[in-house]
Amino acid sequence: MEQYIIKGGKPLVGEVTISGYKNAALGIIAAAIMTEETVKIDNVPNISDIQILLKVIEDLGVKVDRIGNHKVKINASKINTVTADTDSVRKIRGSYYLVGALLGRFNKAQIALPGGCNIGSRPIDRHIKGFEALGSEVKIEHGLICASAEKLVGTSIYFDESSVGATINVMLAAIMAEGQTTIENAAKEPHVVDVANFLNSMGANIKGAGTDVIRIKGVSRLHGSEYTIIPDQIEAGTFMFAAAASRGDVLIKNVIPKHLEAFTAKLLEVGVTVEEYDDAVRVVNHNRPGSTHVKTLAYPGFLTDMQPLMTTLLCLSSGTSIVTESIFENRFKYVDELTKMGASIKVVESNTAIITGVERLTGAIVSAADLRGGAALVLAGIMAEGYTIVENVEFIERGYEDFERKMQKLGATMAKVDSNDTKAIKKFKLKVS
Ligand code: EPZ
């Protein structure tokens, strides 16, 4: 097990370049197996969730060539099974896109139920509803999602509530269905649009991605393509909030500022300066942030993934703030860890955090329980006085590429050490004291 050790209290200053979007890459890699021709994908983030998905498709018989750290060439002409039932499949959330992709191409898929961050019950009923509407039979048997159809036929699907995963999965399954499919109340998140753009580059006919009605005309086949994944809006948001929380000055490069508008709006509201450029944002803050109220919502609302980072920034604010989580029911696990560092946060009715700003946080030993909550603890460590140890960094590495290296480059005093290596911790403390 590895952990981060951080000596806090220093502003982050400099430039950071954002990697490709994990949640888009998961959908795009699954989509890439829907053609027999070769697909080249660029700006693939080098993180554990992506390495796991690439391994899972290799196990299906797909040829995967990694070119350097961020490019991958995929050829799925020799897929030899539609069944994926390994620990790797169960570890990540994005493996469920293989159901839509394999069902769409072969009319059959048997994929182990997905894992991913434990942030709530995370049912997949909307995915199943969509597959069934297209004419597939879907059963959950022996821990597998088993979907099969004689043929898939386009139809109209209405989601009572939007779901990113279900929208992408149903889009995949509908690409080569007979006739037209309409997805109403579709998710509008940037990664839904990116997966649709990628599929269109392979010859699909998808219109309306990014709005709440997506129209898909079934095509008979998909072909090879070369595609570059969009920048990760959550990684960008994390560095924006880290710059603000550390009272620093950071230029965050390779971003799409439009995707960051909800974060920018909240930062401006608490008194942080945000300058927008074509493909960069600069975040500057020298003061204690003000207080605010935030509710997580589907895009273009304030993203649930940024909720732990927002709460953490507000720990040192000058007033009382309220953060309401409306997407996942169990996304405040990191709060207990923040209170060990001196934060004053009360969670009521399990979905609302009331944060009373304190003047300082102090370093402590804390433990990551999920990806974004873990990143929030690193932010807290950077904001705190003294030493913080963040345990279970494997959660953070699921979704952030070179996290500690990027933070170090901005001046954070931080290192990754083995949990049992007490000497390394002593050495770090000696070096930075
Ligand atoms: C995606 O999860 C992301 N994961 C999550 O990011 C992100 O938090 C979430 O979208 C919201 O933006 C990936 O893209 C792999 P949903 P997903 O389906 O697709 C409920 C991260 O840290 N729901 O939009 O699972 C669900 O329980 C991760 O990068 C159903 O009830 O989210 C939730 O309350 C964590 N039935 C809401 O809908 C369903 O069939 C939205 O979920 C599907 C979803």
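I count a residue as partly exposed when its relative accessible area falls between the buried limit, under 20%, and the exposed limit, over 50%. I am working from a predicted model.

**Entry 1: Asp-85 and Arg-90**

I looked up Asp-85 and found a relative accessible area of 38%, so I put it down as partly exposed. Its salt-bridge partner is Arg-90, and the closest N and O atoms are 2.6 Å apart. Arg-90 is also partly exposed, because its relative accessibility is 36%.

**Entry 2: Lys-129 and Asp-160**

I next took the salt bridge between the side chains of Lys-129 and Asp-160, at 3.9 Å from N to O. The two residues are 31 apart and link distant parts of the chain: Lys-129 sits in helix α5, and Asp-160 in the loop between β10 (156-158) and α6.

**Entry 3: Asp-305 and Arg-331**

I then checked Asp-305, whose side chain meets that of Arg-331 in a salt bridge of 3.0 Å, N to O. Asp-305 belongs to the loop between β18 (293-295) and α10 (307-314), and Arg-331 to the loop between β19 (320-324) and α11 (334-340), so this pair ties together parts 26 residues apart in sequence. I note both Asp-305 and Arg-331 as buried. I also logged a network in which Glu-2, Glu-397 and Lys-416 are joined by salt bridges that share partners. For the structure as a whole I have 27 salt bridges on record.

**Entry 4: the largest pocket**

I turned to the pockets and wrote down about 1,000 Å³ of space for the largest. It is lined by 42 residues, and those closest to its centre are Arg-122, Val-164, Gly-165, Ile-327 and Phe-328. Which helices supply at least two residues each to this lining? I listed α1 (22-32), α5 (125-133), α6 (164-174) and α12 (371-383). Sorted by class, the lining holds 17 nonpolar, 12 polar and 13 charged residues. Why do I place this pocket between domain 1 and domain 2? Domain 1 (2-19 + 231-432) and domain 2 (22-216 + 223-228) both give residues to its lining, so the pocket lies between them.

**Entry 5: the second largest pocket**

I found about 200 Å³ of space in the second largest pocket. Its lining has 15 residues, and Ser-19, Asn-46, His-70, Glu-401 and Asp-402 lie nearest the centre. I sorted this lining into three nonpolar, seven polar and five charged residues. Domain 1 (2-19 + 231-432) and domain 2 (22-216 + 223-228) each contribute at least three residues to it.

**Entry 6: the whole chain**

I have 15 helices and 24 strands in the secondary structure of the protein. Of its 433 residues, 57% count as buried. The C-alpha trace spans about 65 × 45 × 40 Å along its principal axes. I compared the radius of gyration with the value for a compact globule: for 433 residues that value would be near 22 Å, and the protein has 22 Å, so the two agree.

Definitions and conventions. Residues are numbered from 1 along each chain as its sequence is written. This is a predicted model: local features need pLDDT of at least 70, side-chain atom pairs count only at pLDDT 80 or more; totals for chains, interfaces and linings use all residues. Side-chain values use heavy atoms; hydrogens and water are left out. On a 1 Å grid over the protein atoms alone, a cavity is a set of points where a 1.4 Å probe fits but cannot get out, and a pocket is an open set with protein on both sides within 12 Å along at least five of seven lines; lining residues have an atom within 4 Å of a point. Grid points are joined across faces, edges and corners, and a volume is the space filled by probe spheres set on the points. Helices (H or I, at least four residues) and strands (E, at least two) are DSSP runs, numbered from the N terminus. Ala, Val, Leu, Ile, Met, Phe, Trp, Tyr, Cys and Pro count as nonpolar, Asp, Glu, Lys and Arg as charged, and the others, Gly among them, as polar. Domain bounds come from an automatic or database domain assignment. A salt bridge is a side-chain nitrogen of Lys or Arg within 4 Å of a carboxyl oxygen of Asp or Glu. Buried means under 20% relative accessible area, exposed over 50%, partly exposed in between (1.4 Å probe, protein chains only). The radius of gyration is taken over C-alpha atoms; the globule rule is 2.2 Å times the number of residues to the power 0.38.
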